[in-house]
Amino acid sequence: MRIEVTREACCSQDDQLGPLSLQIELSEESLIWELAKEIGEANFLQFSSTRNVIDAYCAGKLLFSIPVSETTGAAFNYTVGRDDPVCRHLKEPKIACVWPSRL
């Protein structure tokens, strides 16, 4: 399955320099943790000192949060089952990565 991932820019310079969309190819049997890993390891997301976690939504439903780096000790936070099939939660083949409103 092909999934389009979009992200909010972390600053005005990022908005102009970096790509704000990405295409990910996953098998039909892929699990949520595999989708999160693909997005997190794609060198696509940009973070700043005040924006160090980003939320991933599909059709308005929060799926998981991605921290700046797992090497800092932070881990993905799943709001749906980590081992759920991706197809169970994708109402459309699009993921929107947005900054949490709580920041």
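This is a short tour of a predicted model, stop by stop.

Before selecting anything, note that residues are numbered from 1 along each chain as its sequence is written, and that side-chain values use heavy atoms, with hydrogens and water left out. Because the model is predicted, local features need pLDDT of at least 70 and side-chain atom pairs count only at pLDDT 80 or more, while totals for chains, interfaces and linings use all residues.

**Stop 1: the sheet**

Show the strands. Six of them form an open sheet, in the order S2-S1-S6-S3-S4-S5, with mixed pairing. Strands here are DSSP runs of E, at least two residues long; helices are runs of H or I, at least four; both are numbered from the N terminus. Two strands pair if DSSP finds at least two bridges between them.

Select 21–25 and 77–78. These are the edge strands, S2 and S5, and each pairs on one side only. S4 and S5 pair in the antiparallel sense over two bridges. Which residue stands opposite Tyr 78 in S5? Phe 64 does.

**Stop 2: helix H2**

Select residues 32–40. This is helix H2, lying across S1 (2–7), S2, S4, S5 and S6 (94–98). H2 runs at about 50 degrees to S4. Axes are lines fitted to C-alpha atoms, for helices over the stretch in contact, and angles run from 0 to 180 degrees between N-to-C directions.

**Stop 3: the core**

The largest nonpolar core has 24 residues. A nonpolar core is a set of buried Ala, Val, Leu, Ile, Met, Phe, Trp, Tyr and Cys residues joined through side-chain atoms within 4.5 Å. Buried means under 20% relative accessible area, exposed over 50%, and partly exposed in between (1.4 Å probe, protein chains only).

Pick Leu 35, Ile 39, Phe 64 and Ile 95, which have the most contacts inside the core. S1, H2, S3 (53–58), S4 and S6 each give two or more residues to this core. H2 gives the most, with four residues.

Now centre on Leu 35. Not counting residues up to four places away in sequence, Leu 35 touches Ile 3, Leu 26, Phe 64, Val 86, Leu 90 and Ile 95. Contact means heavy atoms within 4.5 Å.

**Stop 4: Trp 99**

Move to the segment after S6, where Trp 99 is found. Is Trp 99 buried or exposed? Trp 99 counts as buried because its relative accessible area is 8%.

Beyond neighbours within four places in sequence, Trp 99 is in contact with Glu 8, Ala 9, Cys 10, Gln 46, Phe 47, Arg 51, Val 53 and Ile 54. The backbone oxygen of Ala 9 lies 3.0 Å from a polar atom of the Trp 99 side chain. Cys 10 is 89 residues from Trp 99 along the chain, yet their C-alpha atoms are separated by 8.2 Å.

**Stop 5: salt bridges**

Finish with the charged pairs. The count comes to four salt bridges, each a side-chain nitrogen of Lys or Arg within 4 Å of a carboxyl oxygen of Asp or Glu.

- Select Arg 2 and Glu 25: their closest N and O atoms are 2.6 Å apart. The pair links strand S1 to strand S2, 23 residues apart. Arg 2 is exposed at 52%; Glu 25 is partly exposed at 48%.
- Select Lys 37 and Glu 41: N to O is 3.7 Å. Lys 37 is partly exposed at 39%, whereas Glu 41 is exposed at 53%.
- Select Arg 82 and Asp 83: N to O is 3.4 Å. Arg 82 is partly exposed at 42%.

Technical notes. A polar contact is a pair of N or O atoms within 3.5 Å; within protein, one must be able to donate a hydrogen and the other to accept it, and residues adjacent in sequence count only if both atoms are side-chain atoms.
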